[in-house]
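Hi,

Here is the structure I said I would pass on. Have a look first, and my notes come after.

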Amino acid sequence: KQLVGQLGCWTYFQSIKSPANEKFISDFQAWLAKSDVPGIVKEGRVTCSPMVLSYVGVYLWKAAVEKAGSFEVDKVIAELEKGISFDGPGGTVTSQKNHHVTKNVFIGETKADGQFKILKSYDNVYGEPFLKGTFKAK
């Protein structure tokens, strides 16, 4: 309750309305319900940006392996550098030549239920290491 009204900036909030996100949340809740991992907390669990980043990374890698027709690292990297897209829970993510991704970014306000009301979204933000200056705000 102390965080209500605070702003957050992430590449994913559980409150995103999309079929891909609804499936992600549903699949997570189904896994959680049947999980027998010792000590796992099952009540009040939510999905979050680090979970989605890991999820998307696996699917981008899978697509690159399929395009490369190989598990050889150099071949997989070459495919990722060409730009592979995946429609993830936070929107479409595309790999870049610089080994980062283009993805959506959201600004949200914390609500009493622990979720975020999305106030603003920025689509297809170019992933730039160390902010070298190639990204130009509109």
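Below is what I found, going from the overall layout to single residues.

A word on the ground rules: this is a predicted model, so local features need pLDDT of at least 70 and side-chain atom pairs count only at pLDDT 80 or more, while totals for chains, interfaces and linings use all residues. Residues are numbered from 1 along each chain as its sequence is written, and side-chain values use heavy atoms, with hydrogens and water left out.

**Overall layout**

The chain has 3 helices and 5 strands, and reading along the sequence gives the pattern β-α-α-α-β-β-β-β. Helices (H or I, at least four residues) and strands (E, at least two) are DSSP runs, numbered from the N terminus. The C-alpha trace spans about 45 × 45 × 25 Å along its principal axes. Out of 138 residues, 33% count as buried; buried means under 20% relative accessible area, exposed means over 50%, and partly exposed is in between (1.4 Å probe, protein chains only). Taking contacts (heavy atoms within 4.5 Å) between residues at least 6 apart in sequence, 47% join residues at least 24 apart.

**The core**

Which residues touch the most other members of the largest nonpolar core? They are Tyr12, Val52, Val56 and Leu60, out of 16 residues in that core. Helix H1 (19-34) and H2 each supply at least two of the core residues, and the largest share, 5 residues, comes from H2. By a nonpolar core I mean a set of buried Ala, Val, Leu, Ile, Met, Phe, Trp, Tyr and Cys residues joined through side-chain atoms within 4.5 Å.

**The cavity**

Val56 turns up again here, as do Tyr12 and Val52: the lining of the largest cavity is made of Thr11, Tyr12, Ser49, Val52, Leu53, Val56, Gly90, Val93 and Lys103. A cavity is a set of points, on a 1 Å grid over the protein atoms alone, where a 1.4 Å probe fits but cannot get out, and lining residues have an atom within 4 Å of a point. The count comes to 1 cavity of 30 Å³ or more, and the largest cavity holds about 60 Å³ of space. Grid points are joined across faces, edges and corners, and the volume is the space filled by probe spheres set on the points. Helix H2 (residues 49-68) gives the most to this lining, with 4 residues. By class, the lining has 5 nonpolar, 3 polar and 1 charged residues.

**Salt bridges**

Side chains of opposite charge can pair when their charged atoms come close. There are 4 salt bridges in the structure, each being a side-chain nitrogen of Lys or Arg within 4 Å of a carboxyl oxygen of Asp or Glu.

- Lys23 pairs with Asp27, with the closest N and O atoms 2.6 Å apart. The two sit 4 residues apart in helix H1, so about one helical turn separates them. Asp27 is partly exposed at 37% relative accessibility.
- Lys62 pairs with Glu66 at 2.8 Å, N to O. Lys62 is partly exposed at 39%, whereas Glu66 is exposed at 54%.
- Glu79 pairs with Lys82 at 3.1 Å, N to O, and both lie in helix H3 (residues 73-82), 3 residues apart. Glu79 is buried at 14%, but Lys82 is exposed at 62%.

**Two single residues**

Cys9 is in strand E1 (residues 7-10) and is exposed, at 52%. Beyond residues up to four places away in sequence, Cys9 touches Val105, Phe106 and Ile107.

Cheers

Terms used: 1 Å grid on protein atoms, 1.4 Å probe; cavity = no way out; pocket = protein on both sides within 12 Å on 5 of 7 lines; lining within 4 Å. Nonpolar A, V, L, I, M, F, W, Y, C, P; charged D, E, K, R; others polar.
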